[in-house]
Amino acid sequence: MLACPSRTRITLIPAKIQKKTDRVRLAIGGFDPDGAFVSDVTVLRSWGASGIAGYAPPQKILPGHHVFGGVLFDHFGHFLIDTLARVWAIKEHSSLRVAWICLPDFQGLKPWQKDIFDLLGIDQARFEYVQIPSEFEQLSLPEPGFICSGWADAECVEALAIVPFKSPIMGKKLWLSRTA
């Protein structure tokens, strides 16, 4: 079973893009009241993890209890793999608002992102977008249920299983491409 510990007064920092030589080209931050990094916000891959964005004092304070959704990627593949890795907790804690760390150029959800959240039954009115350093009074920090090229937890797979499985048709091919 995946864990979802709750912490108080966590400050989330918007994402920053790192140089191309870094394995995971993203720096994000989550900090406790003493300024210590909270590793539960990290984007994990089998070959590395996101970097740490420097601490900045909160410019916004959000009362109440939220659940951390992760980083809101606008690239389709990263959205499916990274953004939806904590969807199990978003569904499980359906009464909580969802804190999303945004990329620097975030202009709102794209239509296809809205469609996917709708298919998953997740109300986007619950979303809180972190575009400036923001402190959350209480924040549940779920483990990711999927790590790119690593593993997928059954609980996360179940949360994403919204389309009934159909046996493949022999002789038909499915093509997945990163470039086209």
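Colleague: What do the buried residues of helix 3 pack against?
Modeller: They pack against strand 6 (60-72), helix 1 (76-81), strand 7 and strand 8. Contact means heavy atoms within 4.5 Å. Helices (H or I, at least four residues) and strands (E, at least two) are DSSP runs, numbered from the N terminus.

Colleague: Before we go on, what kind of model is this?
Modeller: It is a predicted model, in which local features need pLDDT of at least 70 and side-chain atom pairs count only at pLDDT 80 or more, while totals for chains, interfaces and linings use all residues. Residues are numbered from 1 along each chain as its sequence is written, and side-chain values use heavy atoms, with hydrogens and water left out.

Colleague: Back to helix 3, then: which residues are buried there?
Modeller: Gln113, Ile116 and Phe117 are buried in helix 3, which covers residues 111-119. Buried means under 20% relative accessible area, exposed over 50%, and partly exposed in between (1.4 Å probe, protein chains only).

Colleague: Why do you say that they line one face?
Modeller: Seen down the axis of helix 3, the buried residues fall within an arc of 95 degrees, so they line one face of the helix. The arc is that of the directions from the helix axis to the C-beta atoms. On the other side of helix 3, Pro111, Asp118 and Leu119 are exposed.

Colleague: And what follows the helix?
Modeller: Gly121 follows helix 3, and its phi is positive, near 75 degrees.

Colleague: Phe117 has an aromatic ring; which cluster is it part of?
Modeller: Ring pairs link Phe117 with Phe76, Phe79, Trp100, Phe106, Trp112, Phe127 and Tyr129 into a cluster. Rings of Phe, Tyr and Trp (its six-membered ring) pair if their centres lie within 6.5 Å; planes under 30 degrees apart count as stacked, over 60 as edge-to-face and the rest as tilted.

Colleague: How many aromatic pairs are there by that rule?
Modeller: The count comes to 10 aromatic pairs. One of them is Trp100 with Phe127, an edge-to-face pair at 5.5 Å centre to centre and 75 degrees between the planes. This pair links distant parts of the chain, with Trp100 in strand 7 (residues 97-102) and Phe127 in strand 8 (residues 127-130), 27 residues apart.

Colleague: Is Trp100 buried or exposed?
Modeller: Trp100 counts as buried, at 0% relative accessibility. Phe127 also counts as buried, at 5%. The ring centres of Phe127 and Tyr129 are 6.2 Å apart with the planes at 90 degrees, so that pair is edge-to-face. Tyr129 is partly exposed, with a relative accessible area of 24%.

Colleague: Changing topic, how many salt bridges are there?
Modeller: The count is 4 salt bridges, each defined by a side-chain nitrogen of Lys or Arg within 4 Å of a carboxyl oxygen of Asp or Glu. Among them, Lys60 and Glu128 meet at 3.0 Å, N to O. That pair links distant parts of the chain, Lys60 in strand 6 and Glu128 in strand 8, 68 residues apart.

Colleague: Which residues form a network of salt bridges?
Modeller: Lys60, Arg97 and Glu128 are linked in such a network. Lys60 counts as partly exposed at 32% relative accessibility, whereas Glu128 counts as buried at 12%.

Colleague: What does Arg9 do?
Modeller: Its side chain meets that of Glu135 in a salt bridge (3.6 Å, N to O). Arg9 lies in strand 1 and Glu135 in strand 9 (residues 134-140), so the pair ties together parts that are 126 residues apart in sequence.
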